Amino acid sequence: MRPYRILLVESDPLSRESVRLLLGAAGMTVQTVADPCTTPDALRSFLPDVLVLAMRMPQCGGAELAAMLREDDAYAELPILFLTTDAEAYFRKRGFKPIEREKIHPSLLASRELQDACPESATCMRLVMLT
């Protein structure tokens with residue numbers, strides 16, 4: 001089985017490199033994007049399995065970027081994960097619903113580094129799109 005291909009969009013250099021190292025340590029192939037405005041080009045050239053977006057970036061927030069990408073049928077089914085230090089209530093207000101950790105593919109939480117960065121007490125959430 002080939003490693004997961006992760007496209008990471010994060011404007012903060014330290015956060016971007018930290019997450020890249022954590023995901024790489026878990027055996028994933030990671031491409032990073034510093035400017036969210038270049039995300040569509042990176043998606044077309046890298047063809048990721050999962051898109052990881054920082055919620056707060058100066059040019060465009062992760063929620064706004066995700067909404068824009070979901071308008072394109074090519075990305076309607078692409079899994080999108082969000083990075084943030086914000087509280088769970090912030091996401092609930094924006095249509096996110098908690099999901100059980102057991103429903104997350106084990107390789108996403110496999111490495112010791114990733115387990116330390118995302119403790120069992122953390123709430124995993126997904127965006128519920130209304131049609």
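The charged end of Arg 5 sits over the ring of Phe 46, at 3.9 Å from the ring centre; a charge counts as over a ring if NZ of Lys or CZ of Arg is within 6 Å of the ring centre and within 35 degrees of the ring normal. Aromatic pairs number zero in the structure, where a pair requires rings of Phe, Tyr or Trp (its six-membered ring) with centres within 6.5 Å.

The model is a predicted one, in which local features need pLDDT of at least 70 and side-chain atom pairs count only at pLDDT 80 or more, while totals for chains, interfaces and linings use all residues. Residues are numbered from 1 along each chain as its sequence is written, and side-chain values use heavy atoms, with hydrogens and water left out.

The chain contains five helices and six strands, in the order β-α-β-α-β-α-β-α-β-α-β from the N terminus. Helices (H or I, at least four residues) and strands (E, at least two) are DSSP runs, numbered from the N terminus. Of the 131 residues, 34% are buried; buried means under 20% relative accessible area, exposed over 50%, and partly exposed in between, with a 1.4 Å probe and protein chains only. Contacts are heavy atoms within 4.5 Å. Among those between residues at least 6 apart in sequence, 67% join residues at least 24 apart.

Side chains of opposite charge can pair when their charged atoms come close. The whole structure has three salt bridges, each defined by a side-chain nitrogen of Lys or Arg within 4 Å of a carboxyl oxygen of Asp or Glu. Arg 2 and Asp 49 form one of them, with an N to O distance of 2.8 Å. This pair links distant parts of the chain, 47 residues apart: Arg 2 belongs to the segment before β1 (5-9), and Asp 49 to the loop between α2 (39-46) and β3 (50-54). Arg 2 is partly exposed at 48% relative accessibility, and Asp 49 is partly exposed at 23%.

Another salt bridge joins Arg 20 to Glu 17, with the closest N and O atoms 2.5 Å apart. Both residues lie in helix α1 (residues 13-25), three residues apart, about one turn of the helix. Arg 20 has 29% relative accessibility and is partly exposed; Glu 17, at 34%, is partly exposed. In helix α2, Asp 41 and Arg 44 are three residues apart, about one turn of the helix, and their side chains meet in a salt bridge of 2.5 Å, N to O. Arg 44 is partly exposed at 49% relative accessibility.

Arg 16, in helix α1, is buried yet has no salt bridge. The nearest side chain of opposite charge is that of Glu 10, 6.1 Å away; Lys and Arg count as positive and Asp and Glu as negative, with His and the chain ends not counted. A polar atom of the Arg 16 side chain lies 3.3 Å from the backbone oxygen of Ser 11. Beyond neighbours within four places in sequence, Arg 16 is in contact with Leu 8, Glu 10, Ser 11, Thr 32, Val 33 and Ala 34.

Pro 79 lies in the loop between α3 (62-70) and β4 (80-83) and is partly exposed, at 40% relative accessible area. Leaving out residues up to four places away in sequence, Pro 79 touches Asp 49, Val 50 and Leu 51.

Note on methods. A polar contact is a pair of N or O atoms within 3.5 Å; within protein, one must be able to donate a hydrogen and the other to accept it, and residues adjacent in sequence count only if both atoms are side-chain atoms. Rings of Phe, Tyr and Trp (its six-membered ring) pair if their centres lie within 6.5 Å; planes under 30 degrees apart count as stacked, over 60 as edge-to-face and the rest as tilted.
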